[in-house]
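Here's a friendly walk through one protein model. Take a look at the sequence and the 3D view before reading on.

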Amino acid sequence: MGKNILLCGFMSCGKTTVGKKLAALLDYKFMDTDDMIIESTGKSIKEIFNEGGEVLFRDIEHETAKKIQYLNDCVISTGGGLMTYQRNVDVIKNSIIVYINTDFEVCYNRLKGTGRPIVSSKTKQEMWQMYIERIEKYKKVSDFVVENNGKPIETANEIFNLVKDL
Ligand code: S3P
């Protein structure tokens, strides 16, 4: 059984779109950590934030990160914050980590109006600050970095070629 391909990157960088295409190319199952959270709690991400703030969300997210070691042959899209916490990185096993690097303006324009709790109270400047800080963390933990400013299928193909013989 093969290792998982775990995708990390900023919100709206294209993890889900690229991930689904990559899963099809590899004939792997596509998983999303936010969906795993929704499934295990029966609540939306917004409801969790409303109930216990970011602290509660990050604790649930950490429990979800621990489950990844038991998966095989999956492409896993992670929430934008997950791989920026060392305690999550420490429990990720059995996975090749790929950072999807998409320009800030592209992410920002896609994010506007999506109502993500982590974004709602932030100015563009604050988002930029968060983007810059997170880039370093994503790069540090990743086996590969791919750019995703063009067609998602091209990015998926690029990752496929990087991981297919590993
Ligand atoms: C978050 C990103 C979201 C979700 C939550 C927090 C973040 O996932 O996990 O709202 O801190 O960047 P996406 O990256 O899929 O938007």
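What follows covers the ground rules, a strand, some aromatic rings and the ligand.

## Ground rules

This is a predicted model, so local features need pLDDT of at least 70 and side-chain atom pairs count only at pLDDT 80 or more, while totals for chains, interfaces and linings use all residues. Residues are numbered from 1 along each chain as its sequence is written, and side-chain values use heavy atoms, with hydrogens and water left out.

Let's start with strand S4, residues 95-101. Helices (H or I, at least four residues) and strands (E, at least two) are DSSP runs, numbered from the N terminus. Seven of the seven residues of S4 are buried, so the strand is largely enclosed by the rest of the structure. Buried means under 20% relative accessible area, exposed means over 50%, and partly exposed is in between (1.4 Å probe, protein chains only). Ser 95, Ile 97, Tyr 99 and Asn 101 point one way from S4, and Ile 96, Val 98 and Ile 100 point the other way.

Which strands pair with S4? Strand S1 (residues 4-8) does, in the parallel sense, over five bridges, and Ile 5 has Ile 96 as its bridge partner in S4. Two strands pair if DSSP finds at least two bridges between them.

## Aromatic rings

The structure holds seven aromatic pairs. The rings of Phe 104 and Trp 128 have centres 5.2 Å apart and planes at 70°, so this pair is edge-to-face. Rings of Phe, Tyr and Trp (its six-membered ring) pair if their centres lie within 6.5 Å; planes under 30 degrees apart count as stacked, over 60 as edge-to-face and the rest as tilted.

Phe 104 sits in helix H5 (residues 104-111) and Trp 128 in helix H7 (residues 124-141), so the pair ties together parts that are 24 residues apart in sequence. Phe 104 is buried at 7% relative accessibility, whereas Trp 128 is partly exposed at 35%. Ring pairs also link Phe 10, Phe 104, Tyr 108, Trp 128 and Tyr 131 into a cluster.

## Around the ligand

A polar side-chain atom of Arg 116 lies 2.4 Å from a ligand oxygen atom. For Arg 134, a polar side-chain atom is 2.6 Å from an oxygen atom of the ligand.

Notes: A polar contact is a pair of N or O atoms within 3.5 Å; within protein, one must be able to donate a hydrogen and the other to accept it, and residues adjacent in sequence count only if both atoms are side-chain atoms.
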